[in-house]
Amino acid sequence: MKRSSMAIISILVTLAFAQPAMAQEENSGAAQSQTGGAELGRVRQGNMTIVFAPADTRDIDISRLRTWGEFAEAHPKIAKALAYNSSLINDSGYLSKHPELEAFFQAHPDIKDATAQNPGNFVAI
């Protein structure tokens, strides 16, 4: 009697955990076909679903990124500091301590503007 009760309980527990997992697999396949693109992941919290997809790089200027990458390679400490605190690009005290950064931004004001608008594109740690 005790063994059969344990067997029934273990089967019920297994089914209880398997059902939500199977439902998630069914939903993720349907959602991926609706979006039409590759899906990197999905997180569900209550009635909210967060879908992770590859970044759209069509609006990133590769030449700016390459120019910044060359500067960041030559000045890794500055690049790291800006990666952690992008507001330093407008900090006159920081710029006065790093004249090479100030000169770079004077030569490339478009990169400074792009960095201010979307600092994540220029992170170089």
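This is a predicted model: local features need pLDDT of at least 70, side-chain atom pairs count only at pLDDT 80 or more; totals for chains, interfaces and linings use all residues.
Me: What makes α2 and α6 roughly perpendicular to each other?

Reply: Helix α2 (residues 62-74) and helix α6 (residues 109-117) pack at an angle of about 95°, with their axes 10 Å apart. Angles of 65 to 115 degrees count as roughly perpendicular, and the two helices are therefore described in that way.

Me: Which residues of α2 and α6 meet, and how many of each class does the contact have?

Reply: Arg64, Thr67 and Trp68 on the α2 side meet Asp110, Ile111 and Ala114 on the α6 side. By class, this contact of α2 with α6 has three nonpolar, one polar and two charged residues.

Me: Why is the pair Arg64 and Asp110 called a salt bridge?

Reply: The N to O distance between the side chains of Arg64 and Asp110 is 3.3 Å, and because the rule asks for a side-chain nitrogen of Lys or Arg within 4 Å of a carboxyl oxygen of Asp or Glu, the pair qualifies.

Me: How do you know whether Arg64 and Asp110 are buried, exposed or partly exposed?

Reply: Buried means under 20% relative accessible area and exposed over 50%, so Arg64 at 27% is partly exposed, and Asp110 at 33% counts as partly exposed as well.

Me: What is the count of salt bridges by this rule, and which residue forms one with Glu39?

Reply: The count comes to two; Glu39 forms a salt bridge with Arg42, their closest N and O atoms being 2.8 Å apart.

Conventions
Residues are numbered from 1 along each chain as its sequence is written. Side-chain values use heavy atoms; hydrogens and water are left out. Axes are lines fitted to C-alpha atoms, for helices over the stretch in contact, and angles run from 0 to 180 degrees between N-to-C directions. Helices (H or I, at least four residues) and strands (E, at least two) are DSSP runs, numbered from the N terminus. Angles under 35 degrees count as roughly parallel, over 145 as roughly antiparallel, 65 to 115 as roughly perpendicular and the rest as oblique. Contact means heavy atoms within 4.5 Å. Ala, Val, Leu, Ile, Met, Phe, Trp, Tyr, Cys and Pro count as nonpolar, Asp, Glu, Lys and Arg as charged, and the others, Gly among them, as polar. Buried means under 20% relative accessible area, exposed over 50%, partly exposed in between (1.4 Å probe, protein chains only).
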